[in-house]
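Good morning, and thank you for making time for this presentation. Please look at the sequence and the model together as they come up.

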Amino acid sequence: MLLIQNGNVYAGHGHFIPNCNVLCRDSLIEAVGPGVAADGAEVIDATGFDVYPGFVLGQCAVGAVSFAELGSWDMDETSNPIVPQMDIRYAFNLEELKLQRFARAGITSYGLTPGSHALIAGQMSFIHSVGEHTKDVFLAEQMALKGNYTKTVKNSFKSKGAPETRMAMYHMLDEAFRAAAEYASKEKKDYDAGKEVLCRVLRREIPFVISANSALEIESVVRLGKKYNLRLVIFGAYGVETMAEEIMAQGWHVMLGDSTYDMAGLKYGTNHEKLVELYRKGLKLSISSSGDEAYPNAYEQLLWVAAQMSAAGATGEEIMDMMTIQPAQALGMDHLVGSLEAGKQADVIICRGNPAVRFDNFVERTIMAGKEVFRREAK
Amino acid sequence: MLLIKNALVYTMEPNDTPEKRDILVQDGVISAIGANLSAPDGTQVIDASGMVATPGLVDAHTHAGGFDSSSPDLNEKTDPVTAQLNAIDGIDISSEDFKDIHVHGVTASCFVPGSANVVCGTGFVAKTAGKNTLEELVVKHPAVMKCALGGNPKGCYGKKGQAPMTRMGIAEIFREALRKAKDYMEKKEAAGNDPEKLPPYDAKCEALIPVLKKEIPLKVHCEQFDMLTTIQIAKEFGCNYTIEHGWACDLYADELVEGGGTICFGPIGIPEGYGELTGGDVACVRELDERGLNICLITDGPICSSETLLISAGEAVRYGIPHMRALRMVTINAAKALQVDDRIGSLAPGKDADIALWSAIPALETRAKVLYTIINGEIVYQKS
């Protein structure tokens, strides 16, 4: 057992509980409160420090890229533009994960995602960002479907057939869901692994996380989402502001990508100040890194986007929610992570102050599944 | 004239500590920095109470303005040695990428050719706004000779079955280009003013003469052990060098400190992979900075946007580098690397009035955003 003692514990939505303890048993949080204690627990004194839930990165392909094999990466199956049956867990390489600095950046869990090149790219997993064994890392499998409605898709397929245009992208997505709905309505049918996955999306069991990088692309995605009554998470979402009312009305989530990577020409589309305003009106908004629109795909940019949101006027607490509970809810993983509550994963960061507010509000310790996985050097 | 009143001024001059001060600008140059400065009637005054003033940021390595069209103009992939080409002929100041630079407080950048070739061509230093033509913006041209080792030239030529296919091939081409230029330069010197004795004109060799004369440095794209190749070859020919990107430079600390060339590090925040994809975190430069090597951070724009220059300095702070040292890495250190620190990179009387005014302490408080960018004493950006 691990007792994080006497910290300034963040309870979400701008509320802190001062002089508060967090008790972890095995991999879970057992209790949170000022007087909470347990005999024999290992104690971390958090006096003078803030205690936050570990950051939840909405989507990231690192761990499934296979960086060693430039040119034949493992997260992008582009033999066909529509491959919902692909499952990212089979691209996962623990050794790649072990090289990374997620815990240092305060990121304790993320949506491991197929790449950005196929129209429907496959199923995501939700994983811890540190682990000794593959089986320990996975928190949930096949918990979301990843799609892409972007120029990248057009560029990937223009030399090998459709889609080459936005028209074709829309039609192919539309047809995939129409055919899946028809499949669902039939009693006698030949098993189709891809349609089985699409049926789960049509039944709203899992969210459809779809990259769209401009207002035009977002508009088409919104149309499709309404037509099939999907649970959408719009990723990237550069230029989402104009469609925000419709997205809010549908209860969909927006997962803002990194706009500091510039080669893809994405950054000019984002109005961070407007997004802060929309968030305050109820837009479900999380921040993320760039997925694999950037080269190479990365994750520390989460905190860069946090800095952009800060410069745009968001408070430290608002940004903290955008990095914890908001992405957890977007992916339907908020029963596992995203806040410090009994029964959730014991994923905790202990910081000097809010890391979204000052660059020297260091993440001092990162605790994942009840174990310390990062401790900042004294200097 | 322009008078900036009551800013918290970070001059980035040696041993200076931030204080509330005024900055007086005359004819595009800083004329005084101090408390309660006065200026004649009619002087434009910015009340900078609550603002933080720093030198305009300096980005020592960018391609912004040369890569953002469908036909990028900074990579001439037809010959592994293109010393005779100049980035100044590949930059479009009306492009979106270029126009975005000064908005983020970056007032001067070194624009360099891409890394497809072993010897890529010259780069130049220019201000980032305030004039209508590139020529008027230029601070120094040529300023550097951009070169590239490792995966980029290998990928460009090796894949076509042409040299260089390997790092061995790259070292040979690099060395041979310099050897030819040295030979050419010596023949020219021996010929004196006698046109009959001059060697046949060679544009590549001509372009490399300022490198051999230490007037401009080699600016060499290096990953990991490519740095050792650069140090070796620069030493052989008596050239100055700077290491570009420099990922995993912490592994070669002793050699780099002895070699003395600036490390223009970045972009940062790269995940750990294998081979060239290692050591992309800014912690790599911490020890080297402590040991006195000149370090600056770069955007490699448009790989990273201009905004990331400041964020990179913030990340350096997050990785344990003291704030003032991190701020130096995007101001005076970059100016030194480009040998233009007599004009830019810090705030002092006599230096160009390139100033950024921020809403909070840049690279420390994340909410800091640019309120004014001033270049040569002119307000080129004001936050609406």
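This is a predicted model: local features need pLDDT of at least 70, side-chain atom pairs count only at pLDDT 80 or more; totals for chains, interfaces and linings use all residues.

Residues are numbered from 1 along each chain as its sequence is written, chains are lettered from A and ligands numbered from 1 in the order in which they are written, and side-chain values use heavy atoms, with hydrogens and water left out.

Let me begin with the second largest pocket, which holds about 750 Å³ of space. Among its 26 lining residues, those closest to the centre are His272(A), Val103(B), His104(B), Glu307(B) and Lys383(B). A pocket here is an open set of points on a 1 Å grid over the protein atoms alone, where a 1.4 Å probe fits, with protein on both sides within 12 Å along at least five of seven lines; lining residues have an atom within 4 Å of a point. The volume is the space filled by probe spheres set on the points, which are joined across faces, edges and corners. At least two lining residues come from each of α8 (272–280) and α9 (301–311) of chain A and α9 (307–318) of chain B. Helices are DSSP runs of H or I with at least four residues, and strands are runs of E with at least two, numbered from the N terminus.

Now Ser115(B), in the loop between β7 (106–111) and β8 of chain B. Is Ser115(B) buried or exposed? Ser115(B) is buried, at 7% relative accessible area, where buried means under 20% and exposed over 50%, with a 1.4 Å probe and protein chains only. Its side chain makes a polar contact of 2.9 Å with that of Lys146(B); such a contact is a pair of N or O atoms within 3.5 Å, in which, within protein, one must be able to donate a hydrogen and the other to accept it, and residues adjacent in sequence count only if both atoms are side-chain atoms.

Finally, Thr152(A), in helix α3 of chain A, is buried at 17% relative accessibility.
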